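Have your viewer open and ready to select residues.

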Amino acid sequence: MQWPCTEPRPDPSADAAGRHRIAVLALPGVPPFELGIPSRVFGSVLDAGSRPLYEVTVCTADGAPVLSDAGFTVQPAAGPEALAAADTVIVPPTHAMPELGRGGPLPPEVTAAIAGIRPGTRLVSICTGSYVLAAAGLLDGRPATTHWNLAPEFRRAYPRVKVDEEVLFVDDGDVLTSAGVAAGVDLCLHMIRRDHGAAAANRAARMCVVPPWRDGGQAQYIDRPVPEPTVATTTATRAWALEHLGEPLSLNRLAEHARMSLRSFTRRFRDEVGMTPVQWLTAQRLELAKQLLETTDLSIDLVAHRCGFGSANSLRSHMRTAFGVSPASYRRTFHTDDLAEAGV
């Protein structure tokens with residue numbers, strides 16, 4: 001089954017309260033942590049009047065309870081009708097369908113439930129929930145990710161999927177996939193950021209007490225995320241850099257702050273963060289630029305200088321490359337005053 005991506009997306013405020021409707025499909029063997037991620041993260045997003053912007057419903061393929069992989073039963077709030085009414089469908093993993101790892105078919109009730117999803121609905125998988133989307137044919141010919149440890153198996157089972165096991169999540173427009181466990185949190189925050197801007201995503205992250213932003217292209221697996229006590233770390237230098245984003249921050253300056261050689265600093269930084277210092281700096285500067293565009297009336301030139309891009313043209317180039325929009329377009333979409341006037 002190939003998803004018809006040419007159909008228009010449903011109105012994200014289609015329910016009576018103006019909330020974006022999310023259906024979370026709980027399958028037998030679902031891990032409780034991954035199942036709870038959407039409710040916890042999207043449930044933290046409120047408008048200016050403290051009203052929820054998302055309605056999250058946990059459902060099953062036939063409306064019946066399912067047994068989680070932790071040994072307790074999940075009682076759903078709805079059945080497949082929630083999938084048919086949703087603006088976004090999220091599929092957490094299942095540890096009770098080993099046949100999917102061999103490219104086998106979905107159970108008939110799951111196939112029928114997925115077939116009832118409206119064209120244009122945003123489809124999302126967390127971790128090995130990607131197996132369910134792939135088995136339904138919804139990832140054929142599309143870029144996607146899954147847990148890095150299962151990528152070889154996934155590639156053999158679903159050769160038509162363009163698998164990238166090196167990233168935290170893949171946003172392919174109306175189909176989004178994430179890597180293992182915590183990357184599901186990153187993907188949910190990314191979706192909030194895409195729907196309502198960086199400020200809303202940051203507020204949700206604060207409520208959940210998680211880091212507000214990790215780029216989808218960041219490496220899934222970092223060999224040495226926590227250095228030995230006797231080994232120098234770049235943590236203090238990264239914290240310092242965040243306070244000086246508007247200044248020129250060369251690799252030499254960063255290495256000097258960390259009291260390391262340039263080579264050691266670059267290697268240690270990548271070991272700890274999963275990307276190069278230049279990539280990380282650019283990402284942090286873009287995040288600051290988005291926040292300033294949303295929450296201030298500073299000129300584009302001044303935003304660019306405060307974020308360390310040097311000029312408005314440089315900021316425009318980076319934002320178009322990273323997000324496909326100009327700073328002015330981003331501000332029109334997500335500026336706080338505009339949202340407040342719209343009642344969001």
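Start by selecting Asp-195 and Arg-122: in this predicted model, the two form a salt bridge, with their closest N and O atoms 2.9 Å apart. Now colour the elements they belong to. Asp-195 sits in helix α6 (residues 182-196) and Arg-122 in strand β6 (residues 122-125), so the pair, 73 residues apart, links distant parts of the chain.

Next, move to the surface and select Leu-251, Leu-262 and Val-278. Together they form a nonpolar patch with about 220 Å² of accessible area. To place one of its members, show helix α11 (residues 277-295), where Val-278 is found.

For the last stop, select helix α12 (residues 300-307) and helix α13 (residues 312-323). How many degrees is the angle at which α12 and α13 pack? The angle is about 80 degrees, and the axes lie 8 Å apart. That value makes α12 roughly perpendicular to α13.

Now show the side chains where these helices touch. From α12, pick Ile-300, Asp-301, Val-303 and Ala-304; they meet Ala-312, Leu-315 and Arg-316 of α13. Coloured by class, the contact of α12 with α13 shows 5 nonpolar and 2 charged residues, with no polar ones.

Methods
Residues numbered from 1 in each chain as written. Predicted model: local features only at pLDDT ≥ 70, side-chain atom pairs only at ≥ 80, totals over all residues. Heavy atoms only, no water. Axes fitted to C-alpha atoms, helices over the stretch in contact; angles between N-to-C directions. Helix = DSSP H or I, 4+ residues; strand = E, 2+ residues; numbered from the N terminus. Parallel < 35°, antiparallel > 145°, perpendicular 65-115°, else oblique. Contact = heavy atoms within 4.5 Å. Nonpolar A, V, L, I, M, F, W, Y, C, P; charged D, E, K, R; others polar. Patch = residues over 30% accessible without salt bridge, like charges linked within 9 Å, V, L, I, M, F, W, Y side chains within 5 Å. Areas by Shrake-Rupley, 256 points an atom, 1.4 Å probe, with all protein chains shown as cover. Salt bridge = Lys/Arg side-chain N within 4 Å of Asp/Glu carboxyl O.
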